[in-house]
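Q: I have a sequence and a model open. How do I read the features in it?

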Amino acid sequence: MAARPLVSVFSLTGEKAGETSLPSVMTAPLRCDIVQFVHTNMNKNKRQAYAVNIKAGKQAVATSWGTGRAVARIPRVGGSGTSRSGQGAFGNMCRGGRMFAPTKTWRKWHRKINITQKRYAVASALAASAVPALVMSRGHVIDEVPEIPLVVENAVESTKKTTQAKDILVALGAALDVDKAANSKQVRAGKGKMRNRRYTLRRGPLIIYDSNDGIEKAFRNLPGVELCCVDRLNLLQLAPGGHMGRFCVWSQAALDKLDVIYGSDGKRIPTATMVNADLARIINSDEVQSVLNPAKEAPSKPAPKRNPLRSVSALEALDPYAAEARRSAARRDEAAKESKDKRTKERRANYEKFKKQGEDFYAQVSKQGDVCENGFVIE
């Protein structure tokens, strides 16, 4: 196996105290599709069953009036003397009726997940937590963090006071992410605020340890900070919302233990389908091109068969006399068309000529004169 890169180990005061090798699981392929799929199904396994009352909307005494009364056949409340009588009941379109398809508690609430997929998703989430770009894209503030992944000496597992935990995070440059989470606290929109989920909060750093010598109680009260034992890595914490790149703070013992959990004696580390994803470079390489068959020419496509009913040349190959007859008919039609056009042109010229004469005559006779110009004599 090739030499793995070294990761710096920092003391509680933020100074470099040593180095350790990067666990091999951190080189697992990043499969956001698997992480999203597993996270979606895992997130369903903490749901509680709910349903409406089985009697809701069906406690009225109502029967249908049947047909022939010019009203819908929906069941109607009986009686008289009150506005409720005669009103529709039971149906989902009725006031006070049941809902459509009332919910039941025996719905399929939980999901079984392939354990191989779960392990693949956790390995991908661990590998993504070692990529600074993915950590920043999740929204974590790591501008002052000296290195990703951030590894702290084992003394951090013996921290017992929250004040000491805050000082450690400040020294490591991780306090800005905690402040970001604290400033994001706001009242939840919706009815969850009445169901013991009043506030929402962004996620901060994830503290991963090997042995709990007080670290749980020291860090658990900081806003946005979560803790996890390296033996119980949880995808819901490593990739909240199904998005890889959680900002993780490791103890050195926890980071070193990843090589025990994953590897030849532990869980299998997933391998990438393609080591080199540059497919064009692979295809165009000399090694591949040298063993390829020469390019094949496409078979010549035969010319479409000509229709003798439309093509005179195709008809001539079958029956020269019929082709000549068709050409003669075409010449005759063309001559007839030219003769017709000539006659039409002459008629239009004559029409224009006589039309002009008529217009001149009408203008002359339409002039109004004096009837008594030469005298008016009655005989």
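A: Start with burial. Buried means under 20% relative accessible area, exposed over 50%, and partly exposed in between (1.4 Å probe, protein chains only). The model is predicted: local features need pLDDT of at least 70, side-chain atom pairs count only at pLDDT 80 or more, and totals for chains, interfaces and linings use all residues. Residues are numbered from 1 along each chain as its sequence is written, and side-chain values use heavy atoms, leaving out hydrogens and water.

Q: Is Asp177 buried or exposed?
A: Asp177 is buried, because its relative accessibility is 0%. Asp177 sits in helix H5 (residues 175-183). Helices are DSSP runs of H or I with at least four residues, strands are E runs of at least two, and both are numbered from the N terminus.

Q: Which residues does Asp177 touch?
A: Contact means heavy atoms within 4.5 Å. Leaving aside residues up to four places away in sequence, Asp177 touches Gly139, His140, Val141, Arg203, Gly204, Pro205 and Phe247.

Q: What covers the buried residues of H2?
A: The cover includes helix H1 (32-42), helix H3 (132-137), helix H7 (235-238), strand E10 (248-251) and helix H8 (252-261). Among the buried residues of H2 are Tyr120, Val122 and Leu126.

Q: How do I check the length of H2?
A: The expected span is 1.5 Å times one less than the number of residues. Helix H2 (residues 115-128) has 14 residues, so it should span 20 Å; its end C-alpha atoms are 20 Å apart, which agrees.

Q: Where is Met274 found?
A: Met274 is in the loop between H8 and helix H9 (279-283). Met274 counts as partly exposed because its relative accessibility is 39%.
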